[in-house]
Amino acid sequence: MTPLSRVVIGSLLILAWPSAHGADGQKIFTQGGANPAAMACLGCHGPDGKGIAAAGFPRLAGLPAGYLSKQLHDWRNGERKQAVMEPLAKALTEEEIKAVSSYLAGLPSDPAPDVRRQQIADDPTTRLALYGDWSRQIPGCVQCHGPGGSGVGEHFPPLAGQPASYLVAQLNGWRDGSRRNDPNQLMVGVAKAMTDEEVKAIAEFFAKSASPEVTP
């Protein structure tokens, strides 16, 4: 083999690597991991990764790869509790976690509702979502989770479009200690300061379409 041939073949292998890596992630999503306990994601999260709202299974499509990877690791080490996801995460290898997280991050997701802080917050739930209640040390949800609850980076995931029952379960998890993997325990304090009625109302607020934007 000539030196030029080696260069050409090496270049082709490098170019092919991302596709193979992505294909592995897709296979894990659709068929599961090498370990039979690592079940296929689509069974609960839907063929497009957008979740199954009626069952409370969240959207994974379009979430940051770093966030998804962290959640899988947190289920493995007990920082986050869930009967199905804990054994599944433990059955995935590090390479599989990286591959499926990258694959899911690349899937298309629906645009976030247009919920802006410039809107008139004419009801308690909208005020809590947009501005919070600093008398109880509750920041507005969109202050961390971005405009419309669309998510910001790897630490503040999207809220918009997630099933209300899923959002309620996460807030209650921070309240009862079954979930404790948030940065600086921020969500623990927020969730514990909220009433049961506020938890339900905020979850429904982000699960549904946003209120119409106020025009000047």
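Student: At what angle do helix H8 and helix H9 pack, and how far apart are their axes?

Tutor: Helix H8 (residues 164–176) packs against helix H9 (residues 186–193) at an angle of about 100°, and their axes are 8 Å apart. Axes are lines fitted to C-alpha atoms, for helices over the stretch in contact, and the angles run from 0 to 180 degrees between N-to-C directions. Angles under 35 degrees count as roughly parallel, over 145 as roughly antiparallel, 65 to 115 as roughly perpendicular and the rest as oblique. H8 and H9 are therefore roughly perpendicular to each other. This is a predicted model, in which local features need pLDDT of at least 70 and side-chain atom pairs count only at pLDDT 80 or more, while totals for chains, interfaces and linings use all residues. Residues are numbered from 1 along each chain as its sequence is written, and side-chain values use heavy atoms, with hydrogens and water left out.

Student: Which residues of H8 meet H9?

Tutor: On the H8 side they are Leu171, Trp174 and Arg175, and in H9 they meet Met187, Val188, Ala191 and Lys192. By class, the contact of H8 with H9 has 5 nonpolar, no polar and 2 charged residues. Here Ala, Val, Leu, Ile, Met, Phe, Trp, Tyr, Cys and Pro count as nonpolar, Asp, Glu, Lys and Arg as charged, and the others, Gly among them, as polar. Contact means heavy atoms within 4.5 Å.

Student: How many helices and strands does the protein chain have, and in what order do the elements run?

Tutor: Helices (H or I, at least four residues) and strands (E, at least two) are DSSP runs, numbered from the N terminus. The protein chain has 10 helices and 2 strands. From the N terminus on, the order is α-α-α-α-α-α-β-β-α-α-α-α.

Student: What share of the residues of the protein chain counts as buried?

Tutor: Buried means under 20% relative accessible area, exposed over 50%, and partly exposed in between (1.4 Å probe, protein chains only). Of the 216 residues of the protein chain, 39% count as buried. The accessible surface of the chain comes to about 11,700 Å², of which 60% belongs to carbon and sulfur atoms. Such areas come from the Shrake-Rupley method with a 1.4 Å probe; for residues, only the protein chains shown count as cover.

Student: How many aromatic pairs does a search of the whole structure find?

Tutor: A pair of aromatic rings is described by the distance of the centres and the angle of the planes. Rings of Phe, Tyr and Trp (its six-membered ring) pair if their centres lie within 6.5 Å; planes under 30 degrees apart count as stacked, over 60 as edge-to-face and the rest as tilted. The search finds 2 aromatic pairs in the whole structure. The rings of Phe29 and Tyr103 have centres 5.7 Å apart and planes at 45°, so this pair is tilted. The pair links distant parts of the chain, with Phe29 in helix H1 (residues 3–31) and Tyr103 in helix H5 (residues 94–105), 74 residues apart. Phe29 and Tyr103 are both buried. For Phe205 and Phe206, the ring centres are 5.0 Å apart and the planes stand at 85°, so the pair is edge-to-face. Phe205 and Phe206 are buried as well.

Student: Is Gln162 buried or exposed, and with which residues is it in contact?

Tutor: Gln162 is found in the loop between helix H7 (141–145) and H8. Gln162 is buried, with a relative accessible area of 3%. Leaving aside neighbours within four places in sequence, the contacts of Gln162 are Pro58, Arg59, Leu63, Leu167 and Ala207.

Student: Where does Leu88 lie, and what separates its C-alpha atom from that of Ala38?

Tutor: Leu88 lies in helix H4 (residues 85–91) and is buried, with a relative accessible area of 10%. Leu88 and Ala38 are 50 residues apart along the chain, yet their C-alpha atoms are separated by 4.7 Å. Beyond its neighbours within four places in sequence, Leu88 is in contact with Ala37, Ala38 and Met39. Across the protein chain, among contacts between residues at least 6 apart in sequence, 57% join residues at least 24 apart.

Student: What is the phi of Gln137, and what is that of Asn184?

Tutor: Gln137 has a positive phi of about 60° although it is not a glycine. Gln137 is placed in the loop between strand S1 (132–133) and strand S2 (138–139), and is exposed, with a relative accessible area of 57%. Asn184 is likewise a residue other than glycine with a positive phi, near 55°. Asn184 is found in the loop between H8 and H9 and is exposed, with a relative accessible area of 79%.
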